[in-house]
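The following note is intended for a colleague who meets this structure for the first time. Its points are numbered and may be read in order.

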Amino acid sequence: MSISDFRTPHRLDEALSTIKQLGPSALVVAGGTSFIFAPVNEDRVAVDINGAGLDGIRRENGGFRVGAATRLSALQKHHEAGWVLDRVAIHLASQQLRNMSTLGGNIARIFPWSDFAVALQALGATMVIAENGERQVGADEYFSSQPARLFKNGGLLTAVIVPAVGGGAGFGYRKQTQASFGFSLMTVAACMELEGRTVKSVRVAAGAGIPFPSRLKAVEEAVKGQAVKEGVFADAAARGLAGLKFKSNAGMSEEYIANLARVLVGDALTEAWQSAKGGAA
Amino acid sequence: MTQQKNISFTLNGEKRSFTIAPDEKLVKLLRRSGCLGVKEGCDEGTCGACTVLIDGKAALSCITYAFLADGRDVRTIESLGTFEKPHRLQTALVEEGAVQCGYCIPGMILSAEALMKEIPEPTDEDIRVHMDGNFCRCTGYEKIWTAVRRVAAERAGKGVANA
Ligand SMILES: Cc1cc2nc3c(=O)[nH]c(=O)nc-3n(C[C@H](O)[C@H](O)[C@H](O)COP(=O)(O)OP(=O)(O)OC[C@H]3O[C@@H](n4cnc5c(N)ncnc54)[C@H](O)[C@@H]3O)c2cc1C
Ligand code: FES
Ligand code: FES
C-alpha cells in the first residue's frame, strides 16, 4: 500500500482538476522529502506539482510573492533588500534537502521542527490557497492548527506573500541544533518595528521546543511599547515565557529547553532590534 | 492496483527510458540500472551517501521518488570519472589521503562538483554549507575539504592551494 500511480500536470488549473477528479486518493507531491516521516499507508495517486508553474520569487506590492513549489535553495540564494528568508533557509538541514524541499511542502503539512512555520508567523506572511478560486489566509489563522486541514478537500497552496522587512523594521532568527544538520531543539523568529528607541510593534514566534509552532504573545506584550535599554529583551523573554510548556527533546530536559528558549528569544529580539535601528533587515 | 509505468530521463548524458513502480525510489532504479557508485547508507535522507545531481543540483536519491526524475538530467559518479580516467576531484582525494572505506566518497564528489559549478572559488564557509549533508564515518573531513579547496584553486588558475 503506497503510491500506486502518478500524474504530472503542466499547469495550475490542470493540477487542480486532476486533484479534484482523483478525490481523496490524490497525494500532492512537491519535493517529496516528507514521506519518510509521514509514510503513505494506503494506495494513493501522486500528483507531481513541480511542472505546474508554481515556482519563483517576485516582488509584489512592496513585498515578495513566493511560489509554493519554490525550492528552499532558491530562498537561500536570493539576496535583496527586505528579503530575510535566506537567513532561515540556510539553517535548514543540508544543501541536498534545501535543493529538494519546497516552501509550500514545508508549511502545507508541518512537523514539530518546521522552520518556516516559525519564520512566517513572525513575519506575518499570507498564504494563497487555490480551490474553486483563490483565497488568502493570514499566518495566525493558517498556523492556528495543522495546516493540512486546509488542503483536505483538494485545495493547493500556490504562493506565500512575504512582507519585506526594512525602513525601521528588523528581523531576528535563532535555531539551536546539536549538529549543524540536526533537527531543531528550539527555533525562534522575531520581527520588530521601532519608533525612535521605542518598540512600536513586534511579532515573535517559536517552534520545535514547544508542542506546536506558534506566536509568543506574552513575550510580544512584554516588549511592545518598551524603550529599549540594557536587559529589556532578556527580561521580556523571562517574563513572557514563564507560563509556557516546553518539551524535552533529544535527551534535553524540559528545564534545559526552557532555558534555551529564554536565551534564544532574547537573542532573536536583540538581533531584530539591531537590524531595525541599523536600517537593514 | 499498482501498475508499472514508463519514464525517461537523461542519465549520465544519455537519454534513456525506464520502467518503474510508482513508489520506487531513485536510488533503487539507478543501482539496478548499473550505477553502483550510488550508495545506500541511511535510506532516510540524513547521510548523503546516495547523493546524485538532478539538473545539476545535489539531491538525495534515497528519498526521491523515481517518477520525480522524469524528463530531467540525472548524473551519478559514473559520469565524472572512471577507474582508467579519474576525475581531478578523485585524484586529489587520493593524493590527500582523504579516502578510507570510500563509501561516502561518490556523494562527497558530487556535492563538491555541484558547489564548484555554482561557486568556482568557494570559501571554507561555502564548502561547509554545501557539504555538511555528506557524512563520513572514517576520515574526519579535513583531508576531504583540503582536496576540494585544492581542486577549486587549480581550476581558478591559482595553482595548488596551501590548505
Ligand atoms: C533528514 C531530514 C531533515 C530535515 N530537517 C528539517 C529541519 O530541520 N527543518 C525543517 O523545517 N524541515 C526539515 N526537513 C524538511 C521537512 O521535514 C519536509 O520534509 C519538507 O519541508 C517538505 O517539503 P517538500 O517540498 O519535500 O514537500 P512534500 O514532501 O512534497 O510534501 C509535504 C506535504 O505537503 C503537501 N503539499 C506539498 N506541497 C503542497 C502544496 N503546494 N499545496 C498543498 N499541499 C502540499 C504534501 O501532500 C505533503 O503532505 C527535513 C527533511 C529531512 C528528510
Ligand atoms: S542513503 Fe540517502 S541520505 Fe543516507
Ligand atoms: S571514507 Fe569511510 S565513510 Fe568516508
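1. The residues that line the largest cavity are L89(B), L93(B), M108(B), I109(B), A112(B), M131(B), I144(B) and V148(B). Here a cavity is a set of points, on a 1 Å grid over the protein atoms alone, where a 1.4 Å probe fits but cannot get out, and lining residues have an atom within 4 Å of a point. The model is a predicted one, in which local features need pLDDT of at least 70 and side-chain atom pairs count only at pLDDT 80 or more, while totals for chains, interfaces and linings use all residues. Residues are numbered from 1 along each chain as its sequence is written, chains are lettered from A and ligands numbered from 1 in the order in which they are written, and side-chain values use heavy atoms, with hydrogens and water left out.

2. The structure holds 1 cavity of 30 Å³ or more, and the largest cavity contains about 40 Å³ of space. A volume is the space filled by probe spheres set on the grid points, which are joined across faces, edges and corners. Three helices of chain B, α2 (88–95), α3 (105–118) and α5 (142–155), each supply at least two lining residues; α3(B) has the largest share, with 3 residues. Helices (H or I, at least four residues) and strands (E, at least two) are DSSP runs, numbered from the N terminus. By class, this lining has 8 nonpolar, no polar and no charged residues. Ala, Val, Leu, Ile, Met, Phe, Trp, Tyr, Cys and Pro count as nonpolar, Asp, Glu, Lys and Arg as charged, and the others, Gly among them, as polar.

3. Between the chains, 31 residues of chain A are in contact with 33 residues of chain B, contact meaning heavy atoms within 4.5 Å. The buried area is about 2,400 Å², of which carbon and sulfur atoms give 60%; this is the accessible area (1.4 Å probe) that two parts lose on being put together, summed over both. In chain A, F6(A), Q96(A) and F181(A) lose the most area to chain B, together 27% of what that side buries.

4. The count of salt bridges between chain A and chain B is 2, a salt bridge being a side-chain nitrogen of Lys or Arg within 4 Å of a carboxyl oxygen of Asp or Glu. K77(A) forms a salt bridge with E118(B), with the closest N and O atoms 2.7 Å apart. On the side of chain A that touches chain B, β1 (3–7), β3 (44–48), α2 (72–76) and α4 (95–100) of chain A each supply at least two residues. Of these elements, α4(A) gives the most, with 6 residues. That side has 13 nonpolar, 13 polar and 5 charged residues.

5. Over all chains, a search of the whole structure finds 31 salt bridges. One pairs E40(B) with K28(B) at 3.1 Å, N to O. This pair links distant parts of the chain, 12 residues apart: K28(B) is in helix α1 of chain B, and E40(B) is in the loop between α1 (26–32) and β3 (51–54) of chain B.

Terms used: On a 1 Å grid over the protein atoms alone, a cavity is a set of points where a 1.4 Å probe fits but cannot get out, and a pocket is an open set with protein on both sides within 12 Å along at least five of seven lines; lining residues have an atom within 4 Å of a point.
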